[in-house]
Amino acid sequence: MTNIKIKSKNLNVYYGDKQALFDVNLDLNEKEVTALIGPSGCGKSTFIRCINRMNDVIDICKVTGNIEMDGMNINDKDLDVVSLREKVGMVFQKPNPFPKSIYDNISYGPKIHGKGETKSELDQIVEKSLKKSALWEEVKDRLDEPGTSLSGGQQQRLCIARAISVNPEVILMDEPCSALDPIATAKIEELIDELKKTYTIVIVTHSMAQAVRVSQKTGFFHLGKLIEVGKTEKIFKNPDNKMTQDYITGRFG
Amino acid sequence: MNIVLIFLITIFSISLFFYGKSKSKTISIKDNIKLNALPKFYGYYLVLWCSIPALVFLLVWSLFEPVIIKSIIIETAANQGATFNDKNEANLIYEKIKAIHLGTYFGDIDSILKESALAYAKFINLFTNSKVVLIFGIIIASVIYSLKKIKNNNKARDDVEVILKGLLFVSSLIAILTTIGIIFSLLFESIKFFSVINVFDYLFGTNWSPQRAFVRDASSITAAELEELKDAFGFIPLIAGTSFIAFIAMLVAVPIGLFSGIYMAEYASIKVRRISKPIIEILAGIPTVVYGFFAALTVGPFFRQIGENFGLTVSSESALAAGLIMGIMIIPYVSSLSDDVINSVPQSLRDGSYAVGATKSETIKQVVIPAALPGIIGSVLLAVSRAIGETMIVVMAAGLAANLTINPLESTTTITTQIVMILVGDQEFDSPKTQSAFALGLTLFIATLILNYIAQRAVKKYREKYD
């Protein structure tokens with residue numbers, strides 16, 4: 001029996017007057033990949049942005065309901081967002097390396113959290129993160145070059161390295177491969193397979209094939225509602241809901 | 001006469017517009033032809049044909065008429081027996097003749113002048129009449145030509161486009177030629193100046209006292225005087241004063257402008273932003289002379305008062321007062337430009353930083369500002385060139401004495417102030433003193449040009465990164 005890492009109960013999200021999520025109840029298992037699928041604007045990204053409170057950045061966004069990580073209420077007003085985000089890393093749709101060197105891109109997070117006080121400790125963190133994100137061999141001789149000089153796929157792996165540099169427990173991935181070519185995508189998927197040994201991963205994707213390849217559990221969102229959630233195999237072979245069936249067979253979306 | 005002609009041409013063009021429009025409509029209905037262009041294009045077509053040739057002719061005629069009349073009149077006067085030794089005397093006689101014609105000459109009129117004045121009147125009449133006749137001839141010819149085109153030329157649209165393109169081209173040409181003209185006039189006057197004063201004496205001299213050369217013809221300066229003038233035009237105190245005041249201004253403007261830009265871009269709510277941004281930009285709309293008397297009458301004496309309380313001698317015209325006020329004037333430049341560049345840093349970078357747990361100020365300090373830095377540097381450099389070129393505030397608040405000092409409480413002077421001082425009042429145009437203003441202008445121009453160039457390169461480099 002796997003542990004439940006994150007648990008959402010009756011989660012509602014509003015952007016101003018518009019409601020983006022309706023009573024979402026979704027459990028994410030520890031050290032597993034959960035894929036969220038659904039047509040654009042259905043609330044997948046909104047959901048994962050609740051997990052690391054990224055919605056705070058948007059002024060008009062309001063979150064109600066319950067979302068817990070290891071029993072800790074994420075939605076608590078008094079929660080320290082900084083330490084939450086230390087535990088919950090995020091990778092975005094478009095690779096967004098900082099206009100700094102590769103080394104500084106990775107060491108940015110640890111420095112902020114006061115990890116790696118000496119240079120050699122930092123060096124170790126950078127090396128470990130880059131190795132974990134399977135980028136070390138490609139960049140070890142040019143750590144002082146700008147992160148933006150890497151190719152798209154490398155940039156995305158750099159962003160993954162940046163996310164794991166602070167040693168999180170959960171990694172959120174918001175369509176991490178949508179801006180990448182198939183080869184870079186394959187590398188990232190391979191990496192996700194490797195990372196799930198250590199981290200709980202949530203991935204938003206538009207590619208059904210990708211969801212099948214990388215995830216153990218899949219949730220289908222439509223118009224802000226979680227329509228169906230279950231083992232990936234089951235969702236794609238034998239979904240309970242007609243709408244899920246229609247979506248995965250490409251009848252809409 | 002010219003105004004009447006222009007007025008007539010305008011009236012005529014406007015009525016032709018409506019005529020052409022309705023005529024092309026009638027033609028297309030009556031003969032059942034589908035004209036290629038909309039009726040209004042035929043209207044424009046007639047307007048352009050009616051006005052441009054006539055106006056161009058009028059312009060050219062007005063440029064050459066006085067020159068031709070003058071040479072004819074001077075020749076007539078010479079034939080009448082007038083004597084003049086050089087060009088200046090000839091000009092004088094011509095002016096006299098003109099004045100007689102206008103009835104504003106009160107000297108003695110001899111027979112030569114009288115005859116010439118009569119001839120002048122005759123020629124003026126002749127020229128004016130032929131001008132009017134020719135212009136009407138041109139208008140009639142071009143209107144007949146263009147009216148004919150309404151029938152069989154279906155390309156009025158294309159022709160109008162071509163003519164409009166030409167007009168726009170001429171406008172930009174005028175702008176460019178004016179710039180070039182200004183540069184050359186600066187250059188030539190400066191060359192005259194540098195033929196008297198050695199370039200190196202100018203560039204590296206530490207003493208600026210141009211009044212020594214007051215009312216002295218460049219041509220009649222003796223060797224001894226030249227020796228005396230050698231160290232009168234030292235540029236160093238001026239560039240030092242200019243840089244010093246600009247530096248004080250930047251000390252004020254950069255932190256305040258940058259911080260307010262950051263606040264506007266990152267922290268202010270939409271509502272606050274909507275109100276406060278225009279208010280800051282009003283600062284840029286205050287005439288500099290207002291800043292100037294504020295600096296001279298309020299801030300300067302205020303500093304002096306404070307200085308006295310501390311037992312310091314503060315000149316009431318101090319570099320500090322001028323620099324401070326200039327800094328305040330420049331704040332909106334820095335703040336609104338840096339606001340813009342900070343705004344154009346992509347949100348995804350901020351998200352990336354927040355996602356690893358950085359706070360807002362950490363994100364701004366370590367991600368946003370470094371990403372926007374080239375743009376911010378560009379905006380600061382633009383502000384610097386504004387500060388260097390600013391005149392009014394320093395004229396009023398910083399004083400006129402060219403002290404080479406780094407004490408902000410003393411008075412200093414700047415390049416622009418000295419140009420004003422040199423050119424105010426009656427001038428002897430070939431005195432080195434007057435010409436030195438052009439040399440200063442040229443130096444200032446080159447300095448700001450270089451700064452602007454660097455600034456624009458910096459801003460451009462920044463743009464390429466994210467677009």
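This is a predicted model: local features need pLDDT of at least 70, side-chain atom pairs count only at pLDDT 80 or more; totals for chains, interfaces and linings use all residues.
View 1. Residues are numbered from 1 along each chain as its sequence is written, while chains are lettered from A and ligands numbered from 1 in the order in which they are written.

**View 2. Chain B as a whole.** Here you'll find 16 helices and 0 strands; helices (H or I, at least four residues) and strands (E, at least two) are DSSP runs, numbered from the N terminus. Chain B has a radius of gyration of 32 Å, well over the 23 Å that the globule rule gives for 467 residues, so chain B is more spread out than a compact globule. (That radius is taken over C-alpha atoms, and the rule is 2.2 Å times the number of residues to the power 0.38.) Along the principal axes, the C-alpha trace spans about 80 × 80 × 35 Å.

**View 3. Chain A as a whole.** Chain A has 10 helices and 10 strands. Its radius of gyration is 18 Å, which agrees with the value near 18 Å for a compact globule of 253 residues. Picture a box of roughly 55 × 45 × 40 Å along the principal axes, and the C-alpha atoms of chain A fill it. Of the 253 residues, 47% count as buried.

**View 4. Where the chains touch.** Chain B brings 16 residues to the contact and chain A brings 22; two residues are in contact if their C-beta atoms, placed from the backbone, lie within 7 Å. On the chain B side, the elements giving two or more residues are helix H12 (347-355) and helix H13 (360-389). H12(B) gives the most, with 6 residues. By class, this side of chain B has 8 nonpolar, 5 polar and 3 charged residues. (Ala, Val, Leu, Ile, Met, Phe, Trp, Tyr, Cys and Pro count as nonpolar, Asp, Glu, Lys and Arg as charged, and the others, Gly among them, as polar.)

**View 5. Strand E9 of chain A and its partners.** This strand (residues 217-222) is largely enclosed by the rest of the structure, because 6 of its 6 residues are buried. A:Lys217, A:Gly219 and A:Phe221 point one way, and A:Thr218, A:Phe220 and A:His222 the other way. Strand E3 (residues 33-37) runs parallel to E9(A), joined by 4 bridges; strands pair if DSSP finds at least two bridges between them. Strand E10 (residues 225-231) pairs with E9(A) in the antiparallel sense over 6 bridges. Follow A:Lys217 to see both pairings: A:Lys217 is the bridge partner of A:Thr34, and in E10(A) its partner is A:Lys231. The hairpin of E9(A) and E10(A) has 2 residues between the strands, and there A:Leu223 takes a positive phi near 50 degrees.

**View 6. A:Leu135 in its loop.** A:Leu135 lies between helix H4 (119-132) and helix H5 (136-139) of chain A. This residue is buried, because 24 other C-beta atoms lie within 10 Å. Leaving out residues up to four places away in sequence, A:Leu135 touches A:Leu130, A:Gln154, A:Arg157, A:Leu158 and A:Ala161.

Methods
A residue is buried if 20 or more other C-beta atoms lie within 10 Å of its own, exposed if 12 or fewer, and partly exposed in between; C-beta atoms are placed from the backbone.
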